[in-house]
Amino acid sequence: MIDYLPILAMFILAGIFAGVSFFASRLLAPQRPTPAKEAPYECGIVPEREPAERFPVRFYLVAMIFIIFDIEVIFVYPWAVIYRQLRAFGLWEFVLFAVAVFVSFVYLIGNGALDWGPLRRMSPVAGTPESMRSAERTAATTVRRVDVGTQEPAA
Amino acid sequence: MGDPLYAHGIDLAVVLITILKVILTFLFLLLGVLLYIWWERKFISDLQNRIGPDRAGPHGILQSLADGIKVFFKEDLAPTEADRRVYRLAPYLAAVPAFSAFAIIPIGDKISIAGHQTYLQLADPPIGILFLLAMSSIAVYGVFLAGWSSGSKYPLLGSVRASAQMISYEAAMSLAVATAVLATGSLSTRAIFVHQSVWNWNLWQLGVVPFGIYMVAATAEVNRPPFDLVEAEQELVGGYMTEYAGVRFALYYLAEFMNTITVSAVAVTLFLGGPSGPHINFLPALWPVVWFFLKLFAFVSFYVWLRATLPRLRYDQLMDLGWKRLIPLALYWLLLIAALRVGDDAHWPWGVNHGALNAITVVAAAAGAGVVFFGGLGAAIRVGAKRVEEETARAGGVRA
């Protein structure tokens with residue numbers, strides 16, 4: 001365990017560094033809070049809605065699928081250290097395990113669980129009739145010019 | 001195994017040497033980040049035909065130091081809606097792992113201080129690589145809790161996005177790192193480095209694929225461009241740290257650059273032989289350190305080059321790349337390398353050492369397995385995409 005002593009010391013030193021920084025900033029920095037400064041960032045607009053309490057379910061899916069893979073990875077490491085001693089037995093065991101995980105992974109992908117393509121509303125171009133998006137439609141044909149020449153200039 | 005410093009029990013000198021090493025590593029990281037921020041700004045300025053920072057010190061080299069000092073004098077605000085305790089805790093969870101993860105990187109060979117031999121490496125625990133992965137997992141908490149505790153829209157969205165990205169690529173990164181472990185059969189970073197000396201680098205011992213996967217996944221893991229969706233300012237303002245100001249923001253910034261240095265150092269250690277290089281008789285203890293820093297410098301500069309060259313990915317492209325390309329490829333390559341090594345040990349008739357004909361058999365077998373593997377995956381991707389498309393059509397939309 002003694003090999004972890006420097007790591008422990010590093011934890012402590014980094015923690016102290018962060019703590020001392022915050023303390024120094026408290027001593028040195030001005031403390032003049034105003035309601036506008038302390039409001040949540042909203043591009044200068046007064047926020048009307050609370051921050052969202054719910055977010056898309058895909059993020060939860062990713063988290064769950066990640067757990068499966070993280071467990072697989074955790075099993076990979078001990079095997080990777082001694083796979084040469086385990087020889088063919090260890091290899092086939094691991095292939096079996098990997099296939100089991102991979103099949104479930106393929107099932108997830110087949111269900112579109114990892115598909116992040118956005119649901120898109122009908123775009124204006126797709127919804128407009130053909131005549132509205134022909135090649136002849138240019139600024140010259142669509143912008144109505146006000147003929148200033150025939151009008152009397154305002155006195 | 002283990003640092004020879006602790007081989008003969010602990011006395012005062014050993015503790016003092018340990019403290020000295022910790023402080024030196026700490027200062028190196030701080031100084032390294034200051035110089036790296038300056039170098040990134042200067043290098044990217046050159047790439048974009050600008051001058052960059054040039055006021056503070058020669059060639060603006062003191063600019064990041066000046067910024068660092070300035071930040072202490074900035075008002076430290078917490079938004080009214082914030083969960084204050086978590087909001088204050090989160091920067092610690094980002095900074096402490098960032099400092100600690102570098103501890104396992106071997107920088108050079110053995111040196112002796114006051115009659116005690118020690119490695120030029122802060123710590124060499126037997127589970128070095130696992131420690132690294134643990135630190136990178138804890139860093140996700142720093143990101144997620146920062147956004148969640150801010151009580152504000154953009155940080156929350158940014159942190160959900162960031163943590164999904166970081167855990168997705170962590171799986172691919174761990175599999176690529178596991179392939180490097182296969183080559184050595186040890187989790188100690190020192191053993192991995194020694195195994196690769198002198199030109200026996202894992203980069204070509206394992207084929208270039210795991211290295212490529214590691215580089216892509218590590219770039220995404222530390223949110224460097226082109227994977228910096230975490231702070232896509234058009235969509236998310238500043239990402240998870242939007243509400244952080246003053247010195248708390250600076251700690252996040254520091255942690256981000258420190259993580260970039262650490263993943264570069266890990267790439268050097270795992271795939272490019274760490275401090276190994278040509279042996280030179282003049283000052284033999286110095287040269288490994290020089291080789292290590294040259295390799296490290298090449299990597300951190302590569303990250304700046306990437307930032308200047310590549311546009312940011314879209315979120316669905318990012319997830320597709322991580323889950324549907326990198327993870328299966330990393331898994332396939334891991335099994336391939338393991339099968340080759342085990343087959344070689346057991347003198348299977350198709351082992352690589354059995355002449356050209358058998359080498360062809362190996363390639364054919366690997367290709368066959370690959371076709372089944374990636375064919376199944378490709379079919380699943382198509383089915384999944386079709387399903388989502390049908391659902392979208394039912395909801396009255398058109399798929400992008």
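In the hairpin of S1(B) and S2(B), which has 2 residues between the strands, B:Ala114 takes a positive phi near 50°. The model is a predicted one, in which local features need pLDDT of at least 70 and side-chain atom pairs count only at pLDDT 80 or more, while totals for chains, interfaces and linings use all residues. Residues are numbered from 1 along each chain as its sequence is written, and chains are lettered from A and ligands numbered from 1 in the order in which they are written.

**The hairpin of chain B**

- Strand S1 (residues 108–113) and strand S2 (residues 116–120) of chain B pair in the antiparallel sense over 5 bridges; two strands pair if DSSP finds at least two bridges between them.
- Helices (H or I, at least four residues) and strands (E, at least two) are DSSP runs, numbered from the N terminus.
- B:His116 in S2(B) is the bridge partner of B:Ile113.

**Chain A as a whole**

- Chain A has 5 helices and 0 strands, and its pattern along the sequence reads α-α-α-α-α.
- Of the 155 residues in chain A, 18% are buried. A residue is buried if 20 or more other C-beta atoms lie within 10 Å of its own, exposed if 12 or fewer, and partly exposed in between, with C-beta atoms placed from the backbone.

**The contact between the chains**

- Chain B contributes 84 residues to the contact and chain A contributes 66 residues; two residues are in contact if their C-beta atoms, placed from the backbone, lie within 7 Å.
- On the side of chain B that touches chain A, the elements giving two or more residues are helices H1 (12–47), H3 (84–101), H5 (153–184), H10 (246–271), H12 (315–345) and H13 (355–394) of chain B.
- H12(B) supplies the largest share of that side, 14 residues.
- By class, the side of chain B that touches chain A holds 53 nonpolar, 16 polar and 15 charged residues. Ala, Val, Leu, Ile, Met, Phe, Trp, Tyr, Cys and Pro count as nonpolar, Asp, Glu, Lys and Arg as charged, and the others, Gly among them, as polar.

**Helix H1 of chain A against helix H3 of chain B**

- Helix H1 (residues 5–28) of chain A packs with H3(B) at an angle of about 140°, and their axes are 9 Å apart. Axes are lines fitted to C-alpha atoms, for helices over the stretch in contact, and angles run from 0 to 180 degrees between N-to-C directions.
- H1(A) is therefore oblique to H3(B); angles under 35 degrees count as roughly parallel, over 145 as roughly antiparallel, 65 to 115 as roughly perpendicular and the rest as oblique.
- Residues of H1(A) including A:Phe11 and A:Ala14 meet residues of H3(B), among them B:Tyr92 and B:Phe99.
- This contact of H1(A) with H3(B) has 10 nonpolar, 2 polar and no charged residues.

**Helices H4 and H5 of chain B**

- Helix H4 (residues 128–149) of chain B and H5(B) pack at an angle of about 175°, with axes 8 Å apart, and are therefore roughly antiparallel to each other.
- The contact of H4(B) with H5(B) divides into 14 nonpolar, 7 polar and 1 charged residues.

**Backbone features**

- Most residues other than glycine have a negative phi, and most peptide bonds are trans.
- A:Arg87, found in helix H3 (residues 57–110) of chain A, has a positive phi of about 55° although it is not a glycine.
- A:Arg87 counts as partly exposed because it has 13 C-beta neighbours inside 10 Å.
- Neighbours within four places in sequence aside, A:Arg87 is in contact with B:Val342, B:Asp345 and B:Ala346.
- B:Asn223, in the loop between H8 and H9 of chain B, has a positive phi near 60°.
- B:Asn223 is buried, with 21 other C-beta atoms within 10 Å.
- A cis peptide bond with omega of about 0° joins B:Pro225 and B:Pro226.
- B:Pro226 lies in the loop between helix H8 (209–221) and helix H9 (233–236) of chain B.
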